[in-house]
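Welcome, and thanks for taking a look. Please open the model below and keep it beside you while you read this short briefing on a handful of loop residues.

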Amino acid sequence: MATTRPPAPLRVTVWNEGRHEQHQAEIAARYPRGIHGAVAEGIAEHLGEEARLRTATMDEPEHGLTEEVLAETDVLTWWGHIAHREVSDEVVERVHQRVLAGMGLIVLHSGHWSKIFTRLMGTTCTLRWRSAGERELVWTVAPSHPIAAGVPHPIVIEQQEMYGEFFDIPAPDELVFISSFSGGEVVRSGCTFRRGNGRIFYFSPGDQDYPVYHHPHVRLVIANAVRWAAPDVPRAKPRLIHSETGWFDADGGQAGGERA
């Protein structure tokens with residue numbers, strides 16, 4: 001049976017913990033509408049009327065991720081850094097169930113250490129890092145993948161926090177990008193995963209100390225990822241179904257069927 005994407009526009013929620021912008025003037029100046037604002041602007045630039053955007057932050061009631069909000073979200077983007085432990089376990093469980101049911105999830109940069117990403121991956125998701133304003137080259141290793149559509153090879157980011165291997169994640173379903181840095185390190189920087197009915201994309205470029213979310217090609221990747229992660233079929237809560245086995249007879253044939 002053919003499947004169709006949800007009716008346009010895609011319903012996208014852009015989530016950010018929003019703490020750096022409150023306490024560090026230079027970051028507030030770099031991202032005057034917050035990191036969530038910059039990410040949302042980039043998605044809007046590329047998807048236009050194809051997406052209906054809302055933003056949410058940590059300090060809103062229920063972190064802005066109520067049952068009602070998530071029920072009206074096809075794709076959720078997630079950025080967090082210094083407040084991972086403050087995210088409510090109840091909200092994490094809520095997001096987890098929605099991903100398994102088919103909601104897309106785009107995890108950005110230091111969101112690799114978020115409660116939701118580590119839970120979905122089942123690993124520590126730790127990696128090497130160094131914040132020294134180094135050049136990052138983002139190399140496309142799956143040029144036919146929809147997330148790489150229109151993306152130059154490589155993306156050049158003049159200043160960025162270094163992320164390096166070993167990155168403790170499961171083997172990605174698809175590796176779309178790898179990054180190299182001035183110090184010689186490399187990292188799997190663009191990875192897809194499937195969990196239940198949900199599509200997940202992790203993309204490492206993006207940091208509060210550098211204007212990476214204003215970079216046009218980083219914005220393009222995120223917008224492509226949002227389109228890719230949108231659910232193919234109507235979402236339904238996952239449930240375990242115990243199938244009847246009586247139709248299969250003791251001789252190895254199907255009851256009611258012909259035997260050789």
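What follows is a brief tour of side-chain contacts and backbone geometry.

This is a predicted model, in which local features need pLDDT of at least 70, side-chain atom pairs count only at pLDDT 80 or more, and totals for chains, interfaces and linings use all residues. Residues are numbered from 1 along each chain as its sequence is written, and side-chain values use heavy atoms, leaving out hydrogens and water. Helices (H or I, at least four residues) and strands (E, at least two) are DSSP runs, numbered from the N terminus.

- Q208 sits in the loop that runs between β9 (198-203) and α7 (216-229).
- Q208 has a relative accessible area of 5%, so it counts as buried (under 20% relative accessible area, with exposed meaning over 50% and partly exposed in between, for a 1.4 Å probe and protein chains only).
- The side chains of Q208 and H81 are joined by a polar contact of 3.4 Å. Such a contact is a pair of N or O atoms within 3.5 Å; within protein, one must be able to donate a hydrogen and the other to accept it, and residues adjacent in sequence count only if both atoms are side-chain atoms.
- Leaving aside residues up to four places away in sequence, Q208 touches H20, I27, R30, Y31, I35, W79 and H81, where contact means heavy atoms within 4.5 Å.

- H145 belongs to the loop between β5 (128-140) and β6 (155-164).
- With a relative accessible area of 8%, H145 is buried too.
- The H145 side chain makes a polar contact of 3.1 Å with the side chain of E174.
- Not counting residues up to four places away in sequence, H145 touches E174, V176, T192 and W228.

**Cis peptide bonds**

- H153 and P154 are joined by a cis peptide bond with omega of about 0 degrees, and P154 is in the loop between β5 and β6.
- From E165 to F166 the peptide bond is also cis, with omega near 15 degrees; F166 is in the loop between β6 and β7 (174-181).

- H63 is not a glycine, yet its phi is positive, at about 60 degrees. H63 lies in the loop between β2 (51-57) and α4 (67-71), and its relative accessibility of 10% makes it buried.
- H109, likewise not a glycine, has a positive phi of about 45 degrees. H109 is placed in the loop between β4 (104-108) and α6 (115-121) and is buried, at 0% relative accessible area.
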